Amino acid sequence: MRFSQLFTIRSGAWILAFITPSLALVVLISILTGGISSSRSFLVEANTTGMSVQFSGLNNAWPLGRATICAPLDRPKRENARGTGPCDERRYTPSENDDLLLEFPDGSSATVLVQGNGGLAIQVSGMSLFGDNTRILVARDDWIAVGAMVFSGQAVIGGQMGSGQQNILLDGRFEVRETSSFSLGGRNRIEVIKSGTLLRGEQASISESGADTTVTGHITWSDNRRSMDVVIVSLPGNTALSLGHIGGDQVSSIQPDWIDYALASPTLVALTLVLSICIGAGQLFFTATSYLRKTNRTSETTTTEGQ
Amino acid sequence: MAQSNTTVSLVSDPFNEIVREAAKISGIQLRGLVSHGAYTDDGAPPQFSVILPQSWGGGVFCMRVVSSDGLYEAENTYQIPSTWQGGAAVLDYPTSTPGRLAALRPEEIAISSANGACGDTSGEIAVTFWEGAQVADSVSLLINAFRAEETYLYFDDEPSIPDIKCSVSSAAIRASFDTICTIPAALIRGRPVEATILPIKNGELGREVSVILHLGAAG
């Protein structure tokens with residue numbers, strides 16, 4: 001009876017002694033592979049006065065409704081009068097459109113700026129319908145009536161800071177999300193590995209291997225009449241957030257590493273908790289086993305002496 | 001001043017050179033008129049030369065060198081002898097950081113040699129040659145257009161010369177200047193011309209700024 005009891009405790013201890021290091025190994029491997037994982041998405045949410053997009057794919061269309069189209073002249077006519085319309089007639093020929101649908105072909109680009117009057121100025125290039133540097137002006141009420149403008153392509157929020165810059169990121173934040181390599185319970189876990197804030201005047205874009213990568217996103221109006229709200233989400237990949245600062249000699253790149261992963265992943269925190277319980281339990285079993293073995297030996301000695 | 005009558009001499013003492021750790025942006029719009037040669041850092045200081053018109057004789061001029069990222073700046077006054085006949089002058093440029101200058105690519109450095117003392121220049125600018133032959137075949141005008149979408153350059157006195165559309169600088173950091181205009185080859189080595197700079201920003205024509213360019217003709 002005593003012997004079988006001892007056997008059970010001892011085998012339990014051996015199992016634990018096996019489980020603990022293998023669990024530790026799993027934690028270590030997941031920290032290391034998490035750090036070099038290539039399936040994370042960056043999310044950037046920003047309040048900005050402007051942004052630029054180079055569109056990719058065939059799904060980029062903005063139903064702008066009522067808009068003023070300022071088509072550029074070949075050369076500015078310096079000697080002419082400006083005129084009183086929304087566009088400078090020394091540079092542009094204005095025309096009104098009551099039902100404008102802007103369809104951006106693959107590779108075309110647009111710079112969107114919020115104007116002083118709360119409206120939008122969209123400068124487009126690479127479109128067959130409009131010449132390069134055509135400005136499309138949308139009044140604020142018409143913009144709000146239009147709703148969100150969705151895009152897919154390479155996006156840069158804010159311009160490079162310098163005196164006179166009007167394309168300014170006002171504030172924002174970013175998150176790095178990743179599908180956990182562990183799916184305990186058969187479900188994929190989405191974890192936030194790293195997050196942070198964007199400072200006023202920074203220029204933000206999402207890159208992969210040094211070049212801007214394709215993101216999807218949307219532009220909506222902000223309550224502040226001088227800005228708009230932009231959200232961009234990168235496709236899963238080995239992506240990084242590129243931030244340009246004033247006074248910096250190069251763009252800084254933010255990418256989570258194994259430290260962020262070890263600190264922020266809930267799965268890892270849970271695994272570490274399980275691991276520490278195992279270690280504690282293992283310690284308890286080993287102490288109990290060695291105590292029982294000692295007691296057993298003592299009682300056996302006593303029995304022998306009694307005979 | 002006890003100076004030779006034939007050489008251009010450096011007046012600034014000490015040599016005024018700033019290598020800073022953070023960018024400073026000046027309000028000056030015109031940042032340089034330059035013809036670039038290839039500068040290699042062989043330990044010798046970089047060689048700057050400028051073709052100074054005879055009319056500047058007896059006066060001073062201000063030479064400014066700025067890097068595109070705004071981290072290097074030098075601003076120094078030079079004296080021109082009163083008997084100056086016009087022609088090329090090699091400038092004394094005792095820089096403490098020749099390696100730093102050598103690392104700059106052509107679109108990352110702007111040099112202007114403007115008539116008058118520093119801070120009091122007259123709007124006349126002479127082409128500066130950087131490490132190159134003094135026979136320029138390409139001259140660039142470098143401007144801080146304060147993030148204008150487009151910038152045009154007009155030569156109103158030269159009807160045969162078409163207006164120039166300037167391009168946005170390709171430098172990675174455009175803190176001290178952001179626009180580069182290529183001067184038409186027909187004007188190089190010719191008489192001084194008046195150039196008018198027109199920035200277009202936010203869809204609106206901006207204020208025109210005129211400057212006299214001395215493009216290499218001695219006289």
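## Charges over aromatic rings

A charge is taken to sit over a ring if NZ of Lys or CZ of Arg is within 6 Å of the ring centre and within 35 degrees of the ring normal. In this predicted model, Arg78(A) lies over the face of Tyr154(B), at 3.9 Å from the ring centre, and Arg91(A) lies over the face of Tyr92(A), at 5.9 Å from the ring centre.

## Basis of the model

The model is predicted, and local features therefore need pLDDT of at least 70 while side-chain atom pairs count only at pLDDT 80 or more, although totals for chains, interfaces and linings use all residues. Residues are numbered from 1 along each chain as its sequence is written, chains are lettered from A and ligands numbered from 1 in the order in which they are written, and side-chain values use heavy atoms, with hydrogens and water left out.

## Strand pairing in chain B

Strands, like helices, are DSSP runs numbered from the N terminus (strands E, at least two residues; helices H or I, at least four), and two strands pair if DSSP finds at least two bridges between them. In chain B, seven strands form an open sheet of mixed pairing, in the order β7-β4-β10-β3-β11-β15-β14. Its edge strands, each pairing on one side only, are β7 (87-91) and β14 (167-168) of chain B. Within this order, β3 (residues 30-36) and β10 (residues 128-130) of chain B run parallel and are joined by three bridges, with Phe129(B) in β10(B) as the bridge partner of Ser35(B).

Strand β6 (residues 72-79) of chain B has seven of its eight residues buried, where buried means under 20% relative accessible area, exposed over 50% and partly exposed in between (1.4 Å probe, protein chains only). β6(B) pairs in the antiparallel sense with β1 (residues 9-10) of chain B over two bridges, Tyr78(B) being the partner of Leu10(B). β6(B) also pairs in the antiparallel sense with β5 (residues 60-67) of chain B, over seven bridges, and here Gln79(B) is the bridge partner of Val60(B). β5(B) and β6(B) form a hairpin with four residues between them, and Gly70(B) in the turn has a positive phi of about 75 degrees.

## Strand pairing in chain A

In chain A, β13 (residues 215-221) is joined to β8 (residues 149-157) by five bridges, the two strands running antiparallel; Gly217(A) in β13(A) is the bridge partner of Phe151(A). Seven bridges join β13(A) to the antiparallel strand β14 (residues 228-234) of chain A, with Val230(A) in β14(A) as the partner of Ile219(A), and the two strands form a hairpin with six residues between them.

## Aromatic pairs

Rings of Phe, Tyr and Trp (its six-membered ring) pair if their centres lie within 6.5 Å, and planes under 30 degrees apart count as stacked, over 60 as edge-to-face and the rest as tilted. Nine such pairs are found over all chains. One of them is the tilted pair of Phe42(A) and Phe174(A), at 6.4 Å centre to centre and 40 degrees between the planes. This pair links distant parts of the chain, with Phe42(A) in β1 (residues 40-48) and Phe174(A) in β9 (residues 169-179) of chain A, 132 residues apart. Phe42(A) counts as buried because its relative accessibility is 0%, and Phe174(A) is buried with a relative accessible area of 5%.

The rings of Phe48(B) and Tyr93(B) have their centres 4.5 Å apart and their planes at 65 degrees, so this pair is edge-to-face. Phe48(B) is buried, with a relative accessible area of 0%, and Tyr93(B) is buried at 4%.
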